Amino acid sequence: MIHNKFKELNIYEIESIIKKIKQLGIQYIYLQGGEPTSRKDIVPIMELMLKHNLKPTLITNGSLLNKELIDFIKDRDINLAITILTLDSKKHYILTGNKTLNRTLQFIESLRYVEHKVNWSITTTITKISITATGRVAL
């Protein structure tokens, strides 16, 4: 069994950091790394950021997005970026270790019909795996 040697910050520790970030004059903050939507307290974390006038951008692979989270984000000053590394399901599995590409793409398609306040985007990272033999990105 693999154990995570790093303890996640609790909501009080996060609020303390948010206050320090705000004192530095920072206005924008990116929630990314690992999968931020795997945190059960992601909504309260974003609420704290908004309370302290920070503008969060949630960067996610989209695998754990759901209607409730989208309903929370859509009416608030929160940007959403969904990372798609490739549209090839085999390459997607090699790059991510998960088989959620089709579900993520279906969810992205459903977002077309959701009215929202701020920017929603797709992000990608170009890798040797996502480049085709012709030198084009396999998107």
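Me: Why is Thr60 called buried?
Reply: Buried means a relative accessible area under 20%, exposed means over 50%, and partly exposed is in between, with a 1.4 Å probe and protein chains only. Thr60 has a relative accessible area of 1%, so Thr60 is called buried. This is a predicted model, in which local features need pLDDT of at least 70 and side-chain atom pairs count only at pLDDT 80 or more, while totals for chains, interfaces and linings use all residues. Residues are numbered from 1 along each chain as its sequence is written, and side-chain values use heavy atoms, with hydrogens and water left out.

Me: What makes the pair Thr60 and Glu35 a polar contact?
Reply: A polar contact is a pair of N or O atoms within 3.5 Å; within protein, one must be able to donate a hydrogen and the other to accept it, and residues adjacent in sequence count only if both atoms are side-chain atoms. The side chains of Thr60 and Glu35 are joined by such a contact at 2.5 Å. A polar atom of the Thr60 side chain also lies 2.9 Å from the backbone nitrogen of Gly62.

Me: Which residues does Leu50 touch, not counting residues up to four places away in sequence?
Reply: Contact means heavy atoms within 4.5 Å, and on that basis Leu50 touches Pro56, Arg76, Asp77 and Ile78. Leu50 and Ile78 are 28 residues apart in sequence, and their C-alpha atoms are 8.4 Å apart in space.

Me: Which residues is Thr60 in contact with, leaving aside its neighbours within four places in sequence?
Reply: Among them are Glu35, Thr37 and Leu65, and the list also includes Leu80, Ala81, Ile82 and Thr83.

Me: Where in the chain do Thr60 and Leu50 lie?
Reply: Helices (H or I, at least four residues) and strands (E, at least two) are DSSP runs, numbered from the N terminus. Thr60 lies in strand E2, which covers residues 55–60, whereas Leu50 is found in helix H2, residues 42–51. The protein chain has 5 helices and 4 strands, and along the sequence they follow the pattern α-β-α-β-α-β-α-α-β.

Me: How many of the residues in the protein chain are buried, as a percentage?
Reply: Of the 139 residues in the protein chain, 37% are buried.
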